[in-house]
Amino acid sequence: MSDLLTVRARLAAPVETVRNALTDPAELRVWLAEHAEVELPRRYEFWGRYTPEGAEPHQRLLHADERTLRFAWTLDGVETTTEFELTPEDKDTLLTLRQSHFSFEEAMSGSSIRGVLQTFWALAIANLNAHLEGRPLLPRTDFTSADLRGELLIDAPMDKVWTSLTDSEQASAWFGFPIGIEPWVGGRYAMGGFDAGYAAKVVDLTPGRALSVDWGPTGVSTWELAESGGRTKLTFVQSGFDETNPPYAAWTGSVAGLAELRRFHEMADWQPIWLAEEMPSNA
């Protein structure tokens, strides 16, 4: 049984600009994929190391107009359907993504590359918005590598970034999901909050500088802070996992969340781009 995944985001650009970013191959190569070729209304393809099963393109264009883009995308032998719908909202654009054949079970187990679909699109949309806002992109996931690491510069002092990484209330705000954090070695790091069940464990901590959290099968997440010309350099690494089946879904979701961490610190009137998701429905 698969679900229809729906993700909604408010992007800081008019519809015409967003549509161009979605359909111009040069733009797609900036924020989405290593390679892209588009010839509307016949062809819409992207591939490369930043695309799941990206050795060659696996997309088939189904429909394209001024407000909608829909294509089939074969992953792990199954043809899925991806749709972008654009709705103008004043000077912004409401983007709605609908993705078929997403399974939470596959996301958790890593049994199919389709399990990355939710976080793949979350990171892609976060990078699309960063591109539209003129900010540097977050690291894209290299699906050909088991080396999961990246860096991000945040225009804020180290102490403020540290607090936002280790304070439950602030972390829950920018990540957009309840997080319970006990910032000491042996403390809990609970996605969903302390009452939600399973909690990861803080296994290393250098106050103000570094934090490592053990998630079990998906490995250990480490965040390290360093001062960089008045800004904060955040280095993040995932380690200690089965390298024959890297936790691409979890890693990609963690990186996507850092887009809002940066906006949380750099925007005086910060509001997350994400709108309430619709509940997945059976597809």
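Strands E4 (residues 59-64) and E5 (residues 68-75) pair in the antiparallel sense over five bridges; strands pair if DSSP finds at least two bridges between them. This is a predicted model, where local features need pLDDT of at least 70, side-chain atom pairs count only at pLDDT 80 or more, and totals for chains, interfaces and linings use all residues. Residues are numbered from 1 along each chain as its sequence is written, and side-chain values use heavy atoms, with hydrogens and water left out.

**The E4-E5 hairpin**
- Three residues sit between E4 and E5, which form a hairpin. Helices (H or I, at least four residues) and strands (E, at least two) are DSSP runs, numbered from the N terminus.
- Across the pairing, Leu61 stands opposite Phe71 in E5.

**Aromatic pairs**
- The structure holds 17 aromatic pairs (rings of Phe, Tyr and Trp, the last by its six-membered ring, with centres within 6.5 Å; planes under 30 degrees apart are stacked, over 60 edge-to-face, the rest tilted).
- One of them joins Tyr189 and Trp215 edge-to-face, at 5.6 Å centre to centre and 75° between the planes.
- Tyr189 lies in strand E10 (residues 188-191) and Trp215 in the loop between strands E12 (210-214) and E13 (220-228), 26 residues apart.
- Tyr189 and Trp215 are buried (under 20% relative accessible area, with exposed over 50% and partly exposed in between; 1.4 Å probe, protein chains only).
- Phe236 and Trp251 make a tilted pair, 5.8 Å centre to centre with 40° between the planes.
- Because Phe236 is in strand E14 (residues 231-239) and Trp251 in helix H7 (residues 248-266), this pair ties together parts 15 residues apart in sequence.
- Phe236 and Trp251 are buried as well.
- Phe71 also belongs to an aromatic cluster, whose members include Tyr44, Trp73, Phe120 and Tyr248.

**Helix H4**
- Of the 17 residues in H4, 14 are buried.
- Gly134 follows H4 and has a positive phi, near 80°.

**The second largest pocket**
- Its lining includes Arg10, Asp92, Asn129, Arg263 and Ile273 (a pocket is an open set of points on a 1 Å grid over the protein atoms alone, where a 1.4 Å probe fits, with protein on both sides within 12 Å along at least five of seven lines; lining residues have an atom within 4 Å of a point).
- Strand E1 (3-11) and helix H4 (117-133) are the elements giving two or more residues to that lining.
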